[in-house]
Amino acid sequence: MSAVAVGLSHSPLIGKNDPAPDVIAAVDTAVDEARAFIRSFDPELVVLYAPDHYNGFFYKEMPPFCLATEANAVGDFGSAAGPLSVDTEAARAIALGVLDRGIDLTISARMTVDHGFVQPLEILFGGIDQVPVVPVFVNGVATPLGPVSRIRALGTAIGEAAAALDRRVLFLGSGGLSHDPPVPVLEGAPPRVADALIEGHPPTPEQRARGEQRVVQAGRDYAAGSTAMIPINPTWDNLVLDTLASGRPEDVDDWSVEWMGAEGGGSAHEVRTWIAAFASLAATGKYQMTSRFYRAIPEWIAGFAVATAVGER
Ligand SMILES: O=C(O)CCc1cccc(O)c1O
Ligand SMILES: [Fe+2]
């Protein structure tokens, strides 16, 4: 087996509320580099760790993480809708391997996913049906959140289980780093909002458009500096990247949920997807981070990062 890892921030505001041209050009260069890295590795399987933003998972049952043997995208923010090309057989094998290693994995036989899963597949592969994928939801939004050490353990178990497949595997993390977009919160929500977060009734097109417009406006406010949102935190973001670059993802095990949220905002917990991906790679052997790009981009509400890493064999 050979393995690599890629981390990529996502934002539904890309193309909708863009920063200055030189920032876009820098991001494009970094993303091109990641694409070339992936093309030369030529993965036979992508294990994709991503969060959800109340499009697929709701408080009726909110697992800390969940592996899909099939998945359908909702098409939020203009992202692709429809089935992902899930490698069901590989997904089942990895799920069993993870359960055998003592991790209480939830399984979905038809996961609903949003831009968190779709955007990296579109950006890096040109679509949601271009490469065999095993989607793994990692809750990074819905509190309460358990210790990050369990996400690291999940990543480790998935890495070990994937290694047994004897294929070229890309572990891909989607989201983060620090950011504080206007995602609704159950605690203290008015009854109508609480009901939506619990039950997950599909929104009408008008409701969806209104919600998306609210996020676009939040991006404009964030960029203009007139907002109550927690600012992007480049110092913390670089500490996250330093830790992943060290080759010792287990160093995150003593990071507290409170500390992460205070440093990086309500959606900083999306870095759990990166932690899982790099822990998976670490489970297959020593690794080296081979590229690393970072830029605070308030227009996108994102401490925006792209990183690649290769296993040393
Ligand atoms: O769908 C939503 O409600 C949140 C959208 C959103 C905005 C900025 C950065 C993100 O990572 C993100 O997911
Ligand atoms: Fe997100």
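Start at D42, in the loop that runs between α1 (21–41) and β2 (45–50). You are looking at a predicted model. Check the backbone here: phi of D42 is near 55°, a positive value in a residue other than glycine. Most residues other than glycine have a negative phi.

**Stop two: ligand 1.** Ligand 1 sits in the largest pocket. Which residues are around ligand 1? Select H10, P12, H53, F77, H115 and H179.

**Stop three: the histidine contacts.** Keep ligand 1 on screen and show the side chain of H53. One of the N or O atoms in that side chain is 2.7 Å from an oxygen atom of ligand 1. Move to H115. Here a polar side-chain atom lies 2.9 Å from an oxygen atom of ligand 1. Now take H179, where an N or O atom of the side chain is 2.9 Å from an oxygen atom of ligand 1. How much of the accessible area of ligand 1 does the protein cover? Ligand 1 has 340 Å² on its own, and the protein covers 94% of that.

**Stop four: the annotated pair.** In UniProt, an unreviewed entry carries the annotation "active site" for H115 and H179. Both H115 and H179 are included in the lining of the largest pocket.

**Stop five: two cis peptide bonds.** Most peptide bonds are trans. Which residues does a cis peptide bond join in this model? Select T143 and P144: a cis peptide bond joins them, with omega about 0°. P144 belongs to the loop between β8 (133–138) and α4 (148–163). Next, select G176 and L177. They too are joined by a cis peptide bond, with omega about -5°. Follow the chain around L177, and you are in the loop between β9 (168–174) and α5 (191–199).

Notes. Residues are numbered from 1 along each chain as its sequence is written. Chains are lettered from A and ligands numbered from 1 in the order in which they are written. This is a predicted model: local features need pLDDT of at least 70, side-chain atom pairs count only at pLDDT 80 or more; totals for chains, interfaces and linings use all residues. Side-chain values use heavy atoms; hydrogens and water are left out. A residue is near a molecule or strand if one of its heavy atoms lies within 4 Å of it. A polar contact is a pair of N or O atoms within 3.5 Å; within protein, one must be able to donate a hydrogen and the other to accept it, and residues adjacent in sequence count only if both atoms are side-chain atoms. Accessible areas come from the Shrake-Rupley method with a 1.4 Å probe; for residues, only the protein chains shown count as cover. On a 1 Å grid over the protein atoms alone, a cavity is a set of points where a 1.4 Å probe fits but cannot get out, and a pocket is an open set with protein on both sides within 12 Å along at least five of seven lines; lining residues have an atom within 4 Å of a point. A molecule sits in a cavity or pocket if more than half of its atoms lie within 2 Å of its grid points. UniProt positions are given in the numbering used here, feature names are shortened, and annotations may be inferred rather than shown by experiment. Helices (H or I, at least four residues) and strands (E, at least two) are DSSP runs, numbered from the N terminus.
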